Amino acid sequence: MPEKKCFYITTPIYYASANLHIGHSYCEVITDSIARYKRERGFDVFFLTGADEHGQKIAKNALAAGKEPQAFVDEVAKTFKDTWKAMDITNDDFIRTTDPRHVEVVQKVFTKLLNQGDIYLGKYEGWYCTSDEAFWTDSQVGEKHVCPTCGREVHKETEEAYFLNCKKYIPQLLKFYEEHPDFVPDGKLNEMINTFIKPGLEDLCITRTSFSWGVPIKENPKHVVYVWIDALLNYISALGYLSNDDTRFQKYWGKNAEIVHFVGREINRFHTIYWPILLMALGLRLPDHVYVHGLLLTRSGVKLSKSLGNAPSPLPLIERYGLDSLRYYMVREVPIGEDGTFTPKQFVDRINMDLVNSYGNLLNRTLSMIAKYFDGVIPSYKEPLAPAVKQAYQDINLYLNQYETEMDAYNVTKGADSAINLINIGNKLIEVEAPWVLAKDPLKKDELAETMYVLTEVLRVGSIMLRPFLVTKAEEALNQLNVPFEERQYQSIRTYGKLSGIQIGTMSQLFPRLDKDKEMAYLADLIDVHTGEHA
Ligand code: ME8
């Protein structure tokens with residue numbers, strides 16, 4: 001057996017300033033789907049998420065809530081963990097920037113870079129956005145002096161501060177970009193180069209003295225580390241970088257591991273410019289990809305966000321529609337690199353069309369017909385003779401190949417689409433072959449058997465493909481078909497013919513049909529409570 005290839009995948013660590021909303025869940029669900037897919041493909045996966053718990057904004061929120069910052073973030077981090085549990089997120093670790101294991105790494109990194117001359121003490125004057133905890137230059141804030149990210153007013157701040165010598169690394173960074181054109185897929189790097197690097201990237205101010213809720217540096221403890229530098233280091237502190245036991249780090253940040261960060265577009269800059277610079281300064285390898293996904297917007301095009309208070313939690317949606325429906329909608333309906341809107345109509349239509357009509361229905365019809373025409377036993381597999389059945393096997397291979405290509409490129413939207421297209425091979429075949437007609441003709445017994453057989457394969461293969469998204473229902477479908485353990489494994493996905501003679505399990509409806517008007521009204525209400533927008 002060749003050694004498993006290591007795959008390290010991360011989401012951002014979410015600001016522990018308030019509860020999570022469906023925008024964050026979107027980021028987490030697509031990443032989780034990739035992690036699950038990679039595990040299915042035999043990779044040794046490590047999937048990290050966590051909480052970003054330092055900074056002025058969080059200290060302010062804690063004060064407003066009448067709590068000590070640590071007690072405040074302890075509570076928020078617990079809600080994060082509970083939410084991810086409710087969404088069946090399969091993260092292997094949950095890092096908090098207040099974890100001692102993380103704080104130590106931040107301090108050690110600071111000392112290392114200070115000693116090697118990549119960090120120096122200077123004075124900072126700049127435009128600061130309190131909400132985004134980001135400093136901006138004159139050209140970035142423009143004449144109106146507003147934050148380019150959130151549009152809020154920025155103010156001037158001056159303080160003694162340490163700087164990271166970014167300028168030194170620009171040639172090396174540009175060379176890296178050139179040599180790794182797929183570092184940031186979909187051309188999402190050009191904007192970064194044009195906006196931030198070409199106009200001249202300044203050294204980055206990486207400490208603050210105006211507040212204390214952060215990691216104090218050992219050399220000068222009135223300084224705390226800038227929240228973004230603190231936060232970015234989570235990706236390696238969680239693996240045990242610079243700790244007594246760095247086995248995980250050697251493994252998942254090793255040269256043979258595949259490393260992918262998933263981030264939303266508004267934090268592209270930090271992950272594609274400053275994070276690589278930090279890693280270069282530390283003499284570490286860079287990630288293979290920073291995958292930049294789009295954002296969920298309100299219907300009038302505003303980002304759903306915690307600070308604007310316009311975004312609902314995923315929990316009521318899970319309670320009403322089930323986790324799999326919500327996960328499926330997010331993955332399938334919002335094209336991964338683009339912004340999308342949570343639209344009640346699209347939600348209801350997508351669930352009814354793909355999960356109820358295509359998937360649930362195919363399972364139901366197939367099982368009922370096997371019960372009716374074959375006493376509940378899957379007929380024997382034989383080389384198919386009927387042209388439509390032969391074609392169905394070819395189409396299974398076609399969509400399966402397409403699925404793998406898309407999922408390998410992290411395109412979960414197209415991956416899910418290929419899986420449903422594969423399921424629809426079965427629905428089309430039922431229309432063409434009309435098993436109820438074949439059943440009446442004794443000369444068509446073989447054709448009926450091969451038709452029913454291929455339908456079970458469509459469902460088996462399709463369910464394995466859907467499993468990263470439909471984390472309970474796909475397995476439930478395999479249970480109803482009574483597919484043996486071995487034939488559920490991804491490595492057996494292309495092995496056809498092993499289901500002959502299986503007694504099918506108990507039938508039940510996978511997804512109830514949603515009443516369009518009723519559910520659209522419910523969803524519009526739920527969303528509008530937060531966004532203040534009406535359809
Ligand atoms: O940025 N739609 O934290 P965060 C889709 N702590 N994704 C969204 C979204 C939306 N409406 N709103 C937020 C931070 N996100 C930092 C990260 S990592 C070293 C530090 C995504 O809680 C957002 O794009 O504000 C980002 O990828 C993630 O949620 C965390 O956002």
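## Before you start

Residues are counted from 1 along each chain as its sequence is written. The model is predicted, with local features needing pLDDT of at least 70, side-chain atom pairs counting only at pLDDT 80 or more and totals for chains, interfaces and linings using all residues, while side-chain values rest on heavy atoms, with hydrogens and water left out.

## Parallel strands and a helix

Let's begin with strand S2, residues 44–52. Helices (H or I, at least four residues) and strands (E, at least two) are DSSP runs, numbered from the N terminus. Two strands pair if DSSP finds at least two bridges between them. S2 runs parallel to strand S1 (residues 6–15), with 8 bridges joining the two. Isoleucine 9 has phenylalanine 47 in S2 as its bridge partner. S2 also pairs with strand S3 (residues 93–96) in the parallel sense, this time over 4 bridges, and here glycine 50 has isoleucine 95 in S3 as its bridge partner.

How much of S2 is buried? 9 of its 9 residues are, so the strand is largely enclosed by the rest of the structure.

## An antiparallel sheet

Elsewhere, 4 strands form an open sheet with antiparallel pairing, in the order S5-S4-S6-S7. Strands S5 (134–136) and S7 (204–205) are at the edges with a single partner strand each, so one side of each has no neighbour in the sheet.

Strand S4 (residues 119–129) and strand S6 (residues 155–164) run antiparallel and are joined by 10 bridges. If you want a spot to look at, tyrosine 120 stands opposite phenylalanine 163 in S6.

## Empty spaces

Rolling a probe the size of a water molecule over the atoms shows where empty space is left. On a 1 Å grid over the protein atoms alone, a cavity is a set of points where a 1.4 Å probe fits but cannot get out; a pocket is an open set with protein on both sides within 12 Å along at least five of seven lines; and lining residues have an atom within 4 Å of a point. Grid points are joined across faces, edges and corners, and a volume is the space filled by probe spheres set on the points. The search of the whole structure turns up 2 cavities of 30 Å³ or more. The largest holds about 50 Å³ of space, and helix H4 (residues 100–115) gives the most to its lining, with 4 residues. That lining has 10 nonpolar residues, no polar and no charged. (Ala, Val, Leu, Ile, Met, Phe, Trp, Tyr, Cys and Pro count as nonpolar, Asp, Glu, Lys and Arg as charged, and the others, Gly among them, as polar.) The second largest cavity comes to about 40 Å³, and its lining has 6 nonpolar residues, 1 polar and 1 charged.

Of the 21 residues that line it, Trp136, Thr137, Gln140, Glu202 and Tyr274 lie nearest its centre. Helix H11 (268–281) is among the elements giving two or more residues to this lining, and its 3 residues are the largest share.

## Salt bridges

Side chains of opposite charge can pair when their charged atoms come close. A salt bridge needs a side-chain nitrogen of Lys or Arg within 4 Å of a carboxyl oxygen of Asp or Glu, and the structure holds 34 of them. In one, glutamate 258 meets lysine 38 at 3.8 Å, N to O. This pair links distant parts of the chain, 220 residues apart, with glutamate 258 in strand S10 (residues 258–264) and lysine 38 in helix H1. Glutamate 258 is buried at 13% relative accessibility, and lysine 38 is buried at 3%.

Arginine 467 and glutamate 40 form another, with their closest N and O atoms 2.8 Å apart. Aspartate 339 and arginine 265 also form one, at 2.6 Å between the closest N and O atoms; aspartate 339 is partly exposed at 29%, and arginine 265 is partly exposed at 40%. Finally, a network of salt bridges links Asp32, Arg36, Asp88 and Arg327.

Methods
Buried means under 20% relative accessible area, exposed over 50%, partly exposed in between (1.4 Å probe, protein chains only).
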